[in-house]
Amino acid sequence: MESIIEENIVIVGAGIAGLTTSLGLHRLGIRSLVLESSGSLRASGFALTTWENAWKALDAVGVGDILRRQHIQLHGGSHEVCCVRRQLMLEAIANELPSGTIRYMSKVVAIQESGVSKILHIADGTTVKTKILIGSDGINSMVAKWLGFKEASSTGRYATRGYVELKNSHKLEPLFMQYFGKGFRAGVIPCNDKGVYWFFTWTPTIKDHQKELAQDPAKLKQYVLSKLGKMPNYVRSFIENTELDAFHLAPLRHRHPWELIIKSISKGNVCVVGDALHPMAPDLAQGGCSALEDGVVLARCLAEAFSKNQMEGEEEYKIIETCLKKYAKERRWRCIDLITRSYIVGSIQQSGSKLVNFFRDKVFATFLAHQLLKKSNFDCQQLK
């Protein structure tokens, strides 16, 4: 017999944006249900550079200090910057949610309308009826597709990332170490005294065999190591010591900014957050940070709908629609700006042109540092 669940708010996807939205709502006394397709929290990407704007969002939902105690602060002057393990961030947020908020093994396979409600069909046969549907289901979002968004487009670049935990201290300075070569960019960042995160992004040539590399982690590891060029041996060793199961090839994709101009971020009682809304190249390190912003802003906007006297049907639907439009208006141009700048910065940093590389090395470094600080100087404000 088919099981039916009824909820006021359903969030599809237990990623950074989805969990932050759920915790923000919980802090405001509002229940939500998070549907996650996997059997546990997924931490693809291993770690993320967490800038000042992200810390403001984490503090807004009450988990900032938990993560500060687990990570070291990078040298960055007056700005708070850390490389935070994604798993620890997800766990910190999820642990603050009431038991039963996250329903694992709940892959949504279809969305349909029923009056002013949305009906979600889950792979196990369960049906979920909700007044508000939030898509936090990643770069291949079903909810974003339902809103009319196209699949994210390729930037023409690829990436692999990893994390290594050493037995003893790595003795690295708390710095973001970055290295460039012809068509590639690599970086190594300490997360804590023993943990190091690294990334390698590149623009493939005709000689590169992406399918073969994707299917064979050993070949992918060897390929990355062969491309590192003049990277110091002590830095190179972190990649050498990373287990093979950490080597995954992923194309870097983004949403064309004009889609966010012509498409609706929200439609009626449905909206999207995080990578479902603004997949972007990682070159400004703002994908995860902006997902945290999304969650705080959306929770605050939705709280306005539930602060009204109890209403039903069309009247309640109109209030919800207005609150989601407010969220969409507040986030639209911020997302457009970040997507555009991330793409431009990445194209310059990984150019194969000698002229562009000369400009990058002699002039662009100062400009990039300014962009990173400028874009992190954003405050999503408190929940109330």
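**Reading the sheet and its helices**

A: In this predicted model, five strands form an open sheet: the 5 strands follow the order β10-β11-β12-β9-β13 and pair in the antiparallel sense. Helices (H or I, at least four residues) and strands (E, at least two) are DSSP runs, numbered from the N terminus, and two strands pair if DSSP finds at least two bridges between them. Residues are numbered from 1 along each chain as its sequence is written. Local features need pLDDT of at least 70, side-chain atom pairs count only at pLDDT 80 or more, totals for chains, interfaces and linings use all residues, and side-chain values use heavy atoms, with hydrogens and water left out.

Q: Which strands stand at the edges?
A: β10 (177–181) and β13 (250–254) do, each having a single partner strand, so one side of each lacks a neighbour in the sheet.

Q: How do β9 and β12 pair?
A: Strands of a sheet pair through backbone hydrogen bonds, either parallel or antiparallel. Here β9 (residues 153–165) and β12 (residues 195–202) are antiparallel over 8 bridges, and glutamate 165 has glycine 195 in β12 as its bridge partner.

Q: Across which strands does helix α8 lie?
A: Helix α8 (residues 233–240) lies across β9, β10, β11 and β12, at about 90 degrees to β12, where axes are lines fitted to C-alpha atoms, for helices over the stretch in contact (heavy atoms within 4.5 Å), and angles run from 0 to 180 degrees between N-to-C directions.

Q: Which residues of α8 are buried?
A: Val235, Arg236, Phe238 and Ile239 are buried, meaning under 20% relative accessible area (1.4 Å probe, protein chains only). Seen down the axis of α8, the buried residues fall within an arc of 145 degrees (taken from the directions from the helix axis to the C-beta atoms), so they line one face of the helix.

Key:
Buried < 20%, exposed > 50% of the residue type's maximum accessible area, 1.4 Å probe, protein only.
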